[in-house]
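This briefing covers one protein chain, from its overall build down to a single residue. Please have the sequence and the model at hand.

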Amino acid sequence: MDKPKLTIDEMAVFCKRKGFVYPNSEIYGGISGFYDFGHIGVELKNNIKKEWWKTFVHERDDIVGIDGSIIAHPMVWKASGHIDGFTDVLIDCTKCGTRFRGDTLIEDKLKILTAGMSLEDIAKELKQHKIKCLKCGNELSEPKRFNLMFSTNVGPVQTSSSVAFLRPETAQIIFADFRLVQENARLKLPFGIAQIGKAFRNEISPRDFLFRMREFEQMEIEYFVHPEKQDECEFIKDVLDYELNVLSAEMQKQNKKMQKMTIKDCLNKKIIKTKWHAYWLAMMHKWFVDLGANSEHFRIRQHVKNELSHYALETWDLEYEFPFGWKELQGLSNRTDFDLKQHIEHSKTDLSIFDEETKKKIIPHVICEPSQGVERAFLVFMFDAYHYDKSRDNVVLKLHPRLAPIKVGVFPLVSNKKELVDKAKEIYCNLKAEWTCTFDVSGSIGRRYARADEIGVYACVTVDFESLDDESVTIRSRDTTEQIRVKIKDLKEILKKFLDGERLGKLGERVE
Ligand SMILES: [Zn+2]
């Protein structure tokens, strides 16, 4: 298996240098866990969100989207369990004051899995192994629970009743709006509600660049089914032969390695319990692979028993092999009817659906909740696209054409010939109505190709002296450096085919 070629820190440096991602407010020393997307990064991030929305909302008849508010009534977070239970274990050094997250401290120190460890378990491990401050070596405080929600005040007067929270997940807004969306969109089970939006978690120790941040964006679907029809998935046939790396809870217990399996095998061997869960795991995996990610860098891993959240019946993570190990990319939980029931109880509002068939009111189950951080997807696509090309002696960012931040670069061969520059400019203005384009006149043409390769520009169009006579230009492929000569009047049509995935060599006369 080819390992990612960069460390996460090297990726952060590359992202900063090329205009993808900057540490937030760096001129004041930065603020840990917050990042800004630069002029290239914002294009990639928007493309990721656009592709996700297209695949899971626009192209489907069973899913609609919403865009909820970041601040909600505090009762939403009471009902969801976040006010009481959304905590991490915090430990600080009694001498230097450095703060540690209990589970990561133990993981770093003892190299053991800490998922699902209680406060007491963590305290015990700390005592037993006499763990001291990693920074100064002094005594650590007793571990205590710390709520991860950011709080703020709503209104001009700060009182205990003015406290509100920035949402720690997008899911709860979907549950709170459930009835309005279901009724107005006239949704019939099974159906999903999707949302892309910001979420905030006051992480004790943000780390690994965009991997664990305090402000991030989620792309999420809550998929609802009839409680008595949890295993009736009409789409399952589409994915039965789909193959992926699987690591079940049982395999982890027996210390076995992940195994390549089809969805059909996983269901037949009862490794994945419901067809819906299997279906969504395959669909999410496939989304990444269809957009150019390397399927060998992915696996699905089942949560072991003590790792499961309080609301989840069964959870699988879609994991990616980051330079710092296999990590969660996406959590897919079976949340049952937990959330809707909680909101029914706390709001005293009826959130049930009338089932025409049985003439009974039912509370739908969330059979699966594919929930994904946009920034983690961003990292995946960056790592899998990053190639160092020895013969070109520059980085080539081989992003899928639909994700490429800039689709076309337009270059006049030389910068000191006005006619040439004007001609190129005219072509550039014409193309940018269609795609994100860049116009570059500075430096040698080789240098400009290299700059374009590094930010993933998919096609370069060069206007040379001959163009003035024959109304033709050269198109160069980022991935192969192949070049063809085409008439300017056909340029748009040919670029469209090339960006749709056709081979450049098939679209025109090759230039050696
Ligand atoms: Zn210390």
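This is a predicted model: local features need pLDDT of at least 70, side-chain atom pairs count only at pLDDT 80 or more; totals for chains, interfaces and linings use all residues.

Residues are numbered from 1 along each chain as its sequence is written.

**Whole chain**

- The protein chain contains 17 helices and 26 strands, where helices (H or I, at least four residues) and strands (E, at least two) are DSSP runs numbered from the N terminus.
- Its radius of gyration, taken over C-alpha atoms, is 26 Å, close to the 24 Å that the globule rule gives for 512 residues, so the chain is as compact as a globular protein of that length. The globule rule is 2.2 Å times the number of residues to the power 0.38.
- The C-alpha trace spans about 75 × 65 × 55 Å along its principal axes.
- Buried residues make up 39% of the 512; a residue is buried if 20 or more other C-beta atoms, placed from the backbone, lie within 10 Å of its own.
- Of the contacts with a separation of 6 or more, 64% are between residues 24 or more positions apart. Two residues are in contact if their C-beta atoms, placed from the backbone, lie within 7 Å.

**Domains**

- The chain divides into domain 1 (44–86 + 150–384), domain 2 (88–147) and domain 3 (396–511), with bounds from an automatic or database domain assignment.
- The centres of domain 1 and domain 3, over C-alpha atoms, are 40 Å apart.
- Seven residues of domain 1 contact five residues of domain 3. On the domain 1 side, helix H2 (residues 41–58) gives the largest share, four residues.

**Sheet**

- An open sheet of nine strands has the order E3-E9-E10-E18-E15-E14-E13-E11-E12, with mixed pairing; two strands pair if DSSP finds at least two bridges between them.
- Strand E3 (63–66) and strand E12 (259–262) are at the edges with a single partner strand each, so one side of each has no neighbour in the sheet.
- Strands E15 (residues 325–334) and E18 (residues 365–373) run antiparallel and are joined by four bridges. Gln330 stands opposite Gln372 in E18.

**Met11**

- Met11 lies in helix H1 (residues 8–17) and counts as buried because it has 23 C-beta neighbours inside 10 Å.
- Apart from neighbours within four places in sequence, Met11 contacts Leu6, Phe209, Met382 and Phe383.
- The C-alpha atoms of Met11 and Gly68, 57 residues apart along the chain, are separated by 32 Å.

Conventions. A residue is buried if 20 or more other C-beta atoms lie within 10 Å of its own, exposed if 12 or fewer, and partly exposed in between; C-beta atoms are placed from the backbone.
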